[in-house]
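Thanks for coming. I will go through one model today, chain by chain, and keep to what can be computed from the atoms.

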Amino acid sequence: MNAELGILYAVGVAYLALLFFIAHATEKGWFPDALVRHPLVYALSLGVYATSWSFYGSVGFAGEQGYNFLTIYLGVTLAFALAPVLLAPILRLVRDYQLTSLADLFAFRYRHQFTGVLVTLFMLAGVLPYIALQIKAVTESVAVLTQEAPPHLLALGFCATLSLFAILFGARHITPREKHEGLVMAIAFESAVKLIALLMVGVFALFGIFGGPAALGEWLLEHPEAIEALYAPVREGPWMTFMLLAFAAAFLLPRQFHMIFVENMEPRALRVAAWAFPLFLLLLNLPIPLILWAGQQAQVATVPDYYVLGLSVEHGYGWAVFTFIGGVSAASAMMIVTTLALAAMCLNHLILPARYQNQALPRRNLYTWLLWGRRILIVLIIALGYVFYRLMEFHQSLAQIGLISFVAVAQFLPGLMGLLFWPRATRWGFIAGLAGGITVWALALIVPLLQQSGLMPGQLELQAWFRATEQNHWAFATFWSLAVNAVLFVAGSLLTRPSPEETEAALACRREQMEPPRGQLEVRSVQHFEEQLAQTVGPQTAALEVSRALADLGLKSDETHPGELRRLRERLERNLSGLMGPLLSRMIVDHRLRVDPHTQMALAESLRYVEEQLEHSNVRLQGLAAELDTLRRYHRQVLHELPLGVCSLTPGGEIIIWNSAMGLISGIPSRDAVGQELRLLGDPWHGILRGFLQGDDKHLYKLQINLQGRSRWINLHKSEIEAPGALNPGAVVGGTVILVEDLTELHTLESEVAHNNRLASIGRLAAGVAHEIGNPLTGIASLAQNLHYEPDESERELSAQQILEQTRRINNIVQSLITFSHTGEVPSTAMGAVDIKICVDEAMQLVQLSDTARKHLFENRLPPGITVRGSHQKLLQVFVNLINNAMQASGPGDRIRIQGETAAGFAEILVEDEGTGIPESLLDRVFEPFFTTKPPGEGTGLGLSVVYSIIQDHGGAVYVDNLPQGGACFTLRLPLSTAPGTTPRLRASG
Amino acid sequence: MDKTLLLFLFGLLLFASPLVAWWASPGSHWLLPYGLWALLIGLIALVTHRHER
């Protein structure tokens with residue numbers, strides 16, 4: 001190695017070290033996140049597409065094929081124009097199912113071990129010429145600079161150095177599947193370097209060789225054949241073929257697939273890349289005609305493939321070295337990213353399946369095993385590229401070698417179209433099509449290469465059989481390989497039936513999957529998950545994977561909810577797919593985390609699954625289906641927003657619906673309740689709802705419950721649901737819907753109203769009270785005065801007794817007032833037997849304190865001994881209100897009569913008056929709050945509504961009707977204290 | 001979606017149809033293909049930007 005070569009090698013290694021530093025700095029967080037995750041950085045990283053073929057070979061390609069060289073980039077532009085319909089769905093699949101390569105993608109869709117193996121082997125074979133091309137470009141560029149034939153050791157040294165850097169870039173971490181932000185940043189930097197280098201050569205060609213745009217214009221006028229040489233091949237050459245090949249290569253080449261989909265950190269960045277990446281390619285290609293013409297004008301002593309370098313040498317050695325760096329940059333980026341992508345494919349589809357024996361993988365430390373596997377594969381793939389480079393004697397230009405790989409990756413187009421747009425496609429169709437395409441590709445392109453290199457004897461002239469000329473060589477190879485591929489793919493798919501796994505995968509690819517998965521998980525806890533997985537991947541890996549999946553889903557390690565465990569299983573499968581490919585991951589999960597196919601998935605989970613699928617489905621519902629979906633969303637929203645707690649349960653006690661109001665009332669969010677069994681809710685709700693479900697009552701009113709030390713009042717209503725149709729055959733549907741009304745605020749308001757009503761009554765009674773108390777006081781005063789003059793002992797004794805009698809009378813009045821005006825809730829435990837006759841007597845006594853009462857006659861005809869269970873104070877208020885109401889409707893001298901009897905465990909009490917009665921049209925409204933027939937300001941309209949509320953609280957009923965002879969009759973039905981079924985009402989605590 | 005497909009068809013019209021023979025006819029300016037390419041990129045950016053909003 002001479003000194004100049006040594007310098008170039010050192011510069012190349014230093015540049016790679018700089019790239020590595022950028023990657024390292026990115027991973028260490030030394031660059032701001034806004035820069036690292038900027039969409040333009042992602043778009044620039046896609047510039048890995050432009051390899052040394054683009055950097056050096058485009059000029060030679062333009063020399064041979066004129067503007068046909070642009071097709072390699074225009075095809076990419078068209079592919080990116082389709083980003084929302086072509087690239088975005090692939091990106092979604094790759095992200096959702098953690099796929100790491102094209103082989104993973106195809107193995108996921110066309111579920112068969114052989115699919116992954118075939119794709120991997122073919123990709124390896126198809127890309128080897130491309131890797132060899134990079135080695136060739138770098139060594140030949142060194143030859144251009146040193147003017148000497150490069151030693152073979154140089155190519156070997158370049159490969160060894162790149163192997164090291166590829167490992168450093170992509171296989172340094174213990175978890176090989178994580179995204180490489182550093183790699184993306186380094187490749188973006190590398191793209192910027194090669195763009196700047198090429199633009200600088202273009203600027204030099206324009207100003208250094210031609211002397212500026214005006215001089216170039218004159219030169220072109222003098223040499224019109226220069227422009228015609230660019231346009232003529234477009235009219236005659238394989239323009240369309242190259243466009244198609246570039247369209248496929250844009251996202252199917254391993255390095256492109258890796259950078260576009262696997263390393264994507266933000267899906268929205270793809271939208272920016274859709275225009276920014278083609279713009280990068282346009283700028284990169286803008287100087288190519290200039291460099292070609294400048295090379296011809298300056299008669300640079302190299303082949304056109306290396307005019308870029310030859311012109312730089314003309315400008316100065318320093319410039320040439322910088323341009324050389326641009327070339328190294330292009331070649332190394334391609335080789336690093338390609339080997340990383342191929343290593344992942346080989347590991348997932350060749351090595352791991354072979355190592356997966358007895359349903360177990362290396363258990364000691366799977367991560368380390370995978371990491372070293374990847375490292376060894378990187379070295380092996382670059383070594384294979386080197387062997388290919390050494391064995392082949394390339395007589396073709398750089399572009400022609402690259403096109404061999406382009407035709408190879410185009411063979412994946414039919415399979416990919418099937419994956420995205422044809423659910424009927426089968427794995428056997430895919431395998432047959434790909435095998436057919438590979439065969440034609442090999443016969444048309446590889447065999448001639450081997451024959452030219454002397455590695456294969458004979459002369460196979462496939463083209464001659466089809467009368468193809470040299471001119472349409474690429475069109476011939478592309479057309480026939482793709483035609484055979486597509487025909488076999490379609491025929492094979494139509495002649496075979498997709499397996500259930502394929503159908504499931506096809507629907508997942510189209511986001512059409514609606515049918516919920518069958519069966520219930522056999523594992524019932526997170527701990528059990530770990531134990532099961534450990535048997536295949538080892539305890540350390542199992543623990544890490546389970547905790548990672550839990551963190552991804554935001555679940556806790558004590559999770560036991562069947563639906564959440566099902567999600568955990570899905571997440572584990574996806575995460576393991578990122579580690580070892582979709583097939584092996586599915587096999588491990590199916591084997592270790594079994595689902596019992598004979599059981600049904602919980603209905604709530606089925607509903608949730610279908611709803612999620614509808615939300616994210618790719619299929620746009622149309623016509624009636626769209627209308628039904630809108631209606632479904634509307635109904636769901638109504639249920640969710642209803643200001644009434646709604647809870648529906650299956651006959652087995654599984655909660656299906658738990659709306660937001662229910663969440664507010666119960667304090668249990670919908671997320672925690674839906675899918676749970678009722679018994680797992682805990683008390684008080686489990687007790688309340690189960691008790692209500694088991695009872696005969698369809699309604700339960702004013703149920704007092706204790707939640708976190710606070711009393712709440714609720715109404716419960718229930719109704720049976722008829723089965724609307726099964727989501728999955730045999731599923732149990734139907735059940736019960738329960739409505740829960742929170743009455744706490746209303747109850748508080750009613751209590752306040754009742755209290756105010758009592759105070760108002762006391763106010764009205766005040767004058768009467770003064771009179772009633774004043775009379776005995778006068779009597780007491782007279783008796784006390786006379787007492788001093790009373791000589792007779794017996795007379796004094798009599799006066800003292802009369803004083804005591806008057807005092808008792810006052811005391812009775814005061815006690816009645818105190819009882820009546822008592823505030824606060826009467827707990828159900830304070831309720832007891834109330835003698836109705838005594839209660840009515842007391843009410844009459846109170847009412848008679850008012851002036852107006854003196855105009856009426858009161859009759860208490862109740863038989864003694866009727867006792868009901870209730871609150872004496874509240875029932876006292878009932879009778880005060882009813883008597884007051886009767887007095888207001890009656891004229892002077894009218895009777896107010898209270899009578900009653902007992903029947904069937906109830907006391908029936910009638911309060912009758914001889915007043916005007918109630919108009920028929922108002923009979924239904926008299927118990928409404930604030931309803932009154934009096935003029936404004938004369939009545940609150942609360943008296944009868946308070947009566948209604950209190951009687952309801954006592955489990956009774958109140959009716960009103962008019963009497964035939966005139967007047968109104970209020971009938972109260974109250975449960976007797978001794979009657980069965982009058983136990984205190986359901987009372988819960990919590 | 002519809003705009004994307006229209007854009008793709010426009011790209012096909014520019015670069016994969018007999019229109020190619022028109023712009024590649026003798027006498028065309030050497031920058032013409034780049035101009036058409038830039039036009040397509042501009043339209044992609046426009047459609048993408050509107051979609052983003």
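Start with chain B, whose elements run α-α-α from the N terminus on. That is three helices and zero strands. Helices here are DSSP runs of H or I with at least four residues, strands are E runs of at least two, and both are numbered from the N terminus.

Before I go on, this is a predicted model: local features need pLDDT of at least 70, side-chain atom pairs count only at pLDDT 80 or more, and totals for chains, interfaces and linings use all residues. Residues are numbered from 1 along each chain as its sequence is written, while chains are lettered from A and ligands numbered from 1 in the order in which they are written.

Chain B has 53 residues, and 25% of them count as buried. Buried means that 20 or more other C-beta atoms lie within 10 Å of the residue's own; with 12 or fewer a residue is exposed, in between it is partly exposed, and the C-beta atoms are placed from the backbone.

Next, the interface. On chain B, 24 residues are in contact with 28 residues of chain A. Contact means C-beta atoms, again placed from the backbone, within 7 Å. Helix 1 (2–15), helix 2 (19–23) and helix 3 (32–52) of chain B are the elements that give two or more residues to the side touching chain A. Helix 3 of chain B has the largest share, 11 residues. By class, this side of chain B has 18 nonpolar residues, five polar and one charged. The classes are these: Ala, Val, Leu, Ile, Met, Phe, Trp, Tyr, Cys and Pro are nonpolar, Asp, Glu, Lys and Arg are charged, and the others, Gly among them, are polar.

Now the helices of chain A. In helix 6, residues 83–96, the buried residues are Ala83(A), Leu86(A), Leu87(A), Ile90(A), Leu93(A) and Val94(A). Why do they fall on the same side of helix 6 of chain A? Because they cover an arc of only 160° around the axis, the arc being that of the directions from the helix axis to the C-beta atoms. What covers them includes helix 5 (71–81), helix 13 (239–252) and helix 25 (500–510) of chain A. After helix 6 of chain A comes Gln98(A), with a positive phi near 50°.

Helix 10 and helix 15 of chain A have axes that come within 8 Å and cross at roughly 30°. Axes are lines fitted to C-alpha atoms, for helices over the stretch in contact, and angles run from 0 to 180 degrees between N-to-C directions. Helix 10 of chain A brings Ser191(A), Leu195(A), Leu198(A) and Leu199(A) to this contact, and helix 15 of chain A brings Phe280(A), Leu283(A) and Leu284(A). That makes six nonpolar residues, one polar and no charged.

Helix 10 of chain A, residues 181–210, also holds Phe207(A). Is Phe207(A) partly exposed or buried? Phe207(A) counts as partly exposed, because it has 13 C-beta neighbours inside 10 Å.

On to the cores. A nonpolar core is a set of buried Ala, Val, Leu, Ile, Met, Phe, Trp, Tyr and Cys residues joined through C-beta atoms within 7 Å. The largest has 225 residues, and those with the most contacts inside it include Phe80(A), Leu245(A) and Val407(A). Helix 18 of chain A, residues 317–355, gives the most to this core, 20 residues. A second, separate core has 39 residues, among them Met887(A), Ile896(A), Val958(A) and Leu974(A).

Last, the sheet. Five strands of chain A form an open sheet in the order 9-11-12-14-13, with mixed pairing. Strands pair if DSSP finds at least two bridges between them. Strand 9 and strand 13 (957–962) of chain A are at the edges with a single partner strand each, so one side of each has no neighbour in the sheet. On average, neighbouring strands are turned by 15° against each other, direction ignored.

Strand 9 (857–860) and strand 11 (895–903) of chain A pair in the parallel sense over four bridges, with Glu859(A) bridged to Arg897(A). Strand 11 and strand 12 (906–913) of chain A are antiparallel over eight bridges, and Glu901(A) has Glu908(A) as its bridge partner. Their hairpin has two residues between the strands, and Ala904(A) takes a positive phi near 50° there.

Helix 37 (836–847) lies across strand 9, strand 11 and strand 12, at about 165° to strand 9. Helix 38 (872–889) lies across strand 11, strand 12 and strand 14 (968–975), at about 25° to strand 12.

Methods. Two residues are in contact if their C-beta atoms, placed from the backbone, lie within 7 Å.
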